[in-house]
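Q: Hi! I'm new to this, so please walk me through the structure below in plain words.

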There are 2 protein chains.
Amino acid sequence: MPIPFDVLAEPSRRKILDLLLERPRLVGELTEQLGLSQPGTSKHLRVLREAGLVRVRQDAQRRWYELRPEPLAELDAWLAHYRHLWAGSLDALERHLDAMEDDPR
Amino acid sequence: MPIPFDVLAEPSRRKILDLLLERPRLVGELTEQLGLSQPGTSKHLRVLREAGLVRVRQDAQRRWYELRPEPLAELDAWLAHYRHLWAGSLDALERHLDAMEDDPR
DNA sequence: CGGGTACATTCCCTTGCGGCTATATAACCG
DNA sequence: CGGTTATATAGCCGCAAGGGAATGTACCCG
């Protein structure tokens, strides 16, 4: 699963993630918060689903959307290559933690 | 300066950042590596410049492009809000480090 | 089974972006 | 100064993506 940069490039989709960070939400709730049409919201949710950033739990006619952080973890891993450029004095610690990730025990 | 998600959404631009991670480069060099036209490369470089992700050092007719990691650091800060979702056992350590960032001494 | 609710899908329109070609700009060299 | 090198800008085209209205689908309730 590639890092979904293009999916995150959309402000409404990032706002959805921010809202789901607090708690799972229904589509209607998200629609209201976003100020979009319901179909518009559903479309974004589909993109987020296909990128693995959210998952759905069905409850009768309702759909609870919740966060799936895995793709964000991959983004984090990508960022790690650059992190030494600004992390400064924490470098050594971070290299140690990165090594642990590769070979945890 | 907002986080340049849309700028990073473009594969060629991410490749430019990857190339600049090794060392500063000339436009011609980047053009060759990307397999784009020279104007195409310049256009991407302009976008990266305006997003603060690269800076230019002029040397006669040549322009050395180099990385400016600040916007990536902001992206890292955004990601931090989500990091506890996958970091698991390292939570406590990270919260400690985050606190240090806010109030280093 | 009929109507209502909650959401997804389809269709259409418009805009923005990435790509290229052609051209401008600027600096070096002989 | 004239030509060449290195890069930027302008102009144009095609496509994909976001937005809304209309419609489809699935489930509940009486």
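A: Happy to! Let's begin with one residue: Arg25(A) counts as buried, because its relative accessibility is 4% (buried means under 20% relative accessible area, exposed over 50%, partly exposed in between, with a 1.4 Å probe and protein chains only). This is a predicted model, where local features need pLDDT of at least 70 and side-chain atom pairs count only at pLDDT 80 or more, while totals for chains, interfaces and linings use all residues. Residues are numbered from 1 along each chain as its sequence is written, chains are lettered from A and ligands numbered from 1 in the order in which they are written, and side-chain values use heavy atoms, with hydrogens and water left out.

Q: OK, what does the side chain of Arg25(A) meet in a salt bridge?

A: The side chain of Glu22(A), at 3.0 Å from N to O. A salt bridge here is a side-chain nitrogen of Lys or Arg within 4 Å of a carboxyl oxygen of Asp or Glu.

Q: And Glu22(A), buried or exposed?

A: Exposed, because its relative accessibility is 60%. So this salt bridge links an exposed Glu22(A) to a buried Arg25(A).

Q: How many salt bridges does the structure hold over all chains?

A: There are 18. One of them, in chain B, pairs Glu66(B) with Arg57(B), the closest N and O atoms being 3.6 Å apart. Arg57(B) counts as partly exposed, because its relative accessibility is 42%. Back in chain A, salt bridges that share partners join Glu22(A), Arg23(A), Arg25(A) and Glu29(A) into one network.

Q: How many salt bridges are found across the interface of chain B and chain A?

A: The rule finds 2 there. Asp76(A) and Arg83(B) meet at 2.8 Å, N to O. Asp76(A) lies in helix α5 (residues 70-87) of chain A and Arg83(B) in helix α5 of chain B, so this pair joins two chains. Helices (H or I, at least four residues) and strands (E, at least two) are DSSP runs, numbered from the N terminus.

Q: Are Asp76(A) and Arg83(B) buried or exposed?

A: Both are buried. Asp76(B) also forms a salt bridge with Arg83(A), and there the closest N and O atoms are 2.9 Å apart.

Q: Which elements of chain B give two or more residues to the side that touches chain A?

A: They are α1 (5-8), α2 (11-22), α5 (70-87) and α6 (91-102) of chain B. The largest share, 12 residues, comes from α5(B).

Q: What kinds of residues are on that side of chain B?

A: They divide into 17 nonpolar, 2 polar and 5 charged.

Q: How many residues are in contact, and what area is buried between the chains?

A: 24 residues of chain B are in contact with 24 of chain A, contact meaning heavy atoms within 4.5 Å. The buried area is about 2300 Å², and carbon and sulfur atoms give 80% of it. Buried area is the accessible area (1.4 Å probe) that two parts lose on being put together, summed over both. On chain B's side, Phe5(B), Tyr82(B) and Trp86(B) supply 22% of the area that chain B buries against chain A, more than any other three residues.

Q: Nice. New topic: what do the strands of chain B form?

A: 3 strands form an open sheet in the order β1-β3-β2, with antiparallel pairing; two strands pair if DSSP finds at least two bridges between them. β1 (25-26) and β2 (54-59) of chain B stand at the edges, each with a single partner strand, so one side of each is left without a neighbour in the sheet. β1(B) pairs with β3 (residues 62-67) of chain B over 2 bridges, and Leu26(B) stands opposite Trp64(B) in β3(B).

Q: How do β2(A) and β3(A) pair in chain A?

A: In the antiparallel sense, over 6 bridges. Val56(A), for instance, has Tyr65(A) in β3(A) as its bridge partner. The hairpin of β2(A) and β3(A) has 2 residues between the strands, and Ala60(A) takes a positive phi near 60 degrees there.

Q: Is Ala60(A) exposed or buried?

A: Ala60(A) is exposed, because its relative accessible area is 58%. In chain B, Ala60(B) has a positive phi of about 60 degrees although it is not a glycine. Ala60(B) is found in the loop between β2 and β3 of chain B and counts as exposed at 55% relative accessibility.

How values were computed:
Ala, Val, Leu, Ile, Met, Phe, Trp, Tyr, Cys and Pro count as nonpolar, Asp, Glu, Lys and Arg as charged, and the others, Gly among them, as polar.
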